[in-house]
Amino acid sequence: MLLRGGVVHSPADPFATALATTGGRIAWVGSEGAADALADHADEVVDLEGALVTPAFTDAHVHTTATGLALTGLDLSDAADRTEALARVRAHAAARPRDRVLLGHGWDAARWPEPAPPTRAELDAATGHRPVYLSRIDVHSAAVSTALLDLVPGIEDRLGYDPGGPLTRDAHHAVRAAAFDAVTPAQRADAQRAALRRAAALGIGSVHECAGPEISGEDDLVALLALAAAEPGPRVTGYWGVPVTGAKDALRVRDLGAVGAAGDLFVDGALGSHTARLDEPYADAPHTGVGYLDADAVAAHVAACTEAGLQAGFHAIGDAAVRAVTDGVRAAAGRLGAERVRAARHRVEHAEMLTPETVAAFADLGLTASVQPAFDALWGGGDGMYAARLGADRARTLNPYAALLRAGVPLAFGSDSPVTPLDPWGTVRAAALHRTARHRVSVRAAFTAHTRGGWRAVGRDDGGVLAPGAPADYAVWRVGGLVVQAPDDRVARWSTDPRSGTPGLPPLGADDPLPVCLRTVVGGRPVHVRPDE
């Protein structure tokens, strides 16, 4: 296939207007004059009509089934208050009389005028006493009905149980498992297809599924990987978040089709649910959160995975949790040798509360930071959830992307969908317009983290770039113009001068419209074509 007459974002040729693919890989990138010689030999020639071609995005942290269920079911993420949320629950229950369990996602009481979540009594009344599970936006707590609790014997004795409010910790994990057990294989497949279709329509060519027993079951991961292998769509790389103690555990992870015992292997919880593990107490709660793994457990997991040739990883948000990870990985490196540990490219999800010491440890230990810039866009700022939970001073330290890049830490961007929506250009913009100015990175650096960074995070250095030999995973975009951002220590300068020799990207200011995806191609095969294009 030959594409010509556009703008090709390629480090191989910053002035490229054409691209050729064969056998699922990029064969050539160059100018219109050279494209003339290739046109007669191409099976198909596509006139780009000035469109931009970029590498397809990689979303490095996704929960595919949950994303699909939110897309096709009850989404509470934009509910203005508890009254509206309950009205939506009531309408959803009426529209789904045959569902064994009513599933919803996305409520965020921290953003409501009256910051109180739905009570159990209110959910019982709204649903007619049916089982209902409503995950908070961070999926680390949930509001549930009495009928759902009745499906989990002994729930009152589990850590995190609350007699009237949302559940956290073990109690939350138990009711989530009960709720998702009610999803039929057909419903699950429909949800997975919906999520992958949405990803493809946004120019996402691959996703990292961060699965685990406290997020979804083994059947869910196996079914997703099988569906992705059988049907056209984004690539799916699976992670299974369980501790590994030896070769038997590692073999089980591989048998599931996962590339690592990573993703959401929880060291702590989330700030919004007051379960992220902190060094100092929350500003709005008299405790320091919850720790699930300590440094010794981290060290054992990293050592076992490294010896098995398996990628390890963790979910860590609070400063105490992140330090437990770096201390544990350093201990494993002392046991096995630093080079072996670095070569494994172990990863940390979220990594929000970093200090200069833990940033330096990430760089020294070769840890990839798999981060979600939309978190800052949603919860940052002086009046956001971060400031409410931590106070303004600590909140301003969160998500220091510029410091990570300066230290040489590999970044991979994602959404944690359905926590925040699949939105790759919005993610790039969020990193470039970070609410704390010193943490901002250039659009070019953010774009790289959301394309090539995701490939590197799974140990591949050949993807996420349009250059000969790379996988033919690309997206075609309608854009209004292209600019080059050249940051220095004080300002971000924008240039449209082609003599810079740097491939341009769309302007992503706060008021700029985002690019529109016209086509997404994975391995040389179209997986999305915009209607009427």
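User: Which strand does E15 join by four bridges, and in what sense do they run?

Analyst: Strands of a sheet pair through backbone hydrogen bonds, either parallel or antiparallel. In this predicted model, where residues are numbered from 1 along each chain as its sequence is written, local features need pLDDT of at least 70, side-chain atom pairs count only at pLDDT 80 or more, and totals for chains, interfaces and linings use all residues. Side-chain values use heavy atoms, with hydrogens and water left out. Here, E15 is joined by four bridges to strand E16 (residues 347-350), and they run parallel. Within E16, Arg 347 is the bridge partner of Gly 313. Strands (E, at least two residues) and helices (H or I, at least four) are DSSP runs, numbered from the N terminus. Two strands pair if DSSP finds at least two bridges between them.

User: Which other strand is joined to E15?

Analyst: Strand E14 (residues 260-261) runs parallel to E15, with two bridges between them. Gly 260 stands opposite Gln 311. E14, helix H10 (residues 295-308) and E15 form a right-handed β-α-β unit. Right-handed means that, with the strands pointing away from the viewer, the path from the first strand over the helix to the second runs clockwise.

User: Which way do the residues of E15 point, and are they buried or exposed?

Analyst: In a regular strand the side chains alternate between the two faces of the sheet. In E15, Gln 311, Gly 313 and His 315 point one way, while Ala 312, Phe 314 and Ala 316 point the other way. All are buried. Buried means under 20% relative accessible area, exposed over 50%, partly exposed in between (1.4 Å probe, protein chains only).

User: How do I read a sheet's order and its edges?

Analyst: Take the open sheet of four strands with the order E4-E3-E1-E5 and mixed pairing. Strand E4 (25-30) and strand E5 (45-47) stand at the edges with a single partner strand each, so one side of each has no neighbour in the sheet. From one strand to the next, the twist averages 20°. Inside the sheet, strand E1 (residues 2-4) and strand E3 (residues 18-22) run antiparallel, joined by two bridges. Leu 2 has Ala 20 as its bridge partner in E3.

User: Which helix lies across this sheet's strands, and at what angle to E1?

Analyst: Helix H1 (residues 32-39) lies across E1, E3, E4 and E5, running at about 150° to E1. Axes are lines fitted to C-alpha atoms, for helices over the stretch in contact, and angles run from 0 to 180 degrees between N-to-C directions.

User: Last one: is Ser 417 buried or exposed?

Analyst: Ser 417 counts as buried, at 3% relative accessibility. Its place is in the loop between strand E18 (411-413) and helix H18 (424-432). Not counting residues up to four places away in sequence, Ser 417 touches His 61, Val 62, His 63, Thr 67 and Leu 422.

Conventions. Contact means heavy atoms within 4.5 Å.
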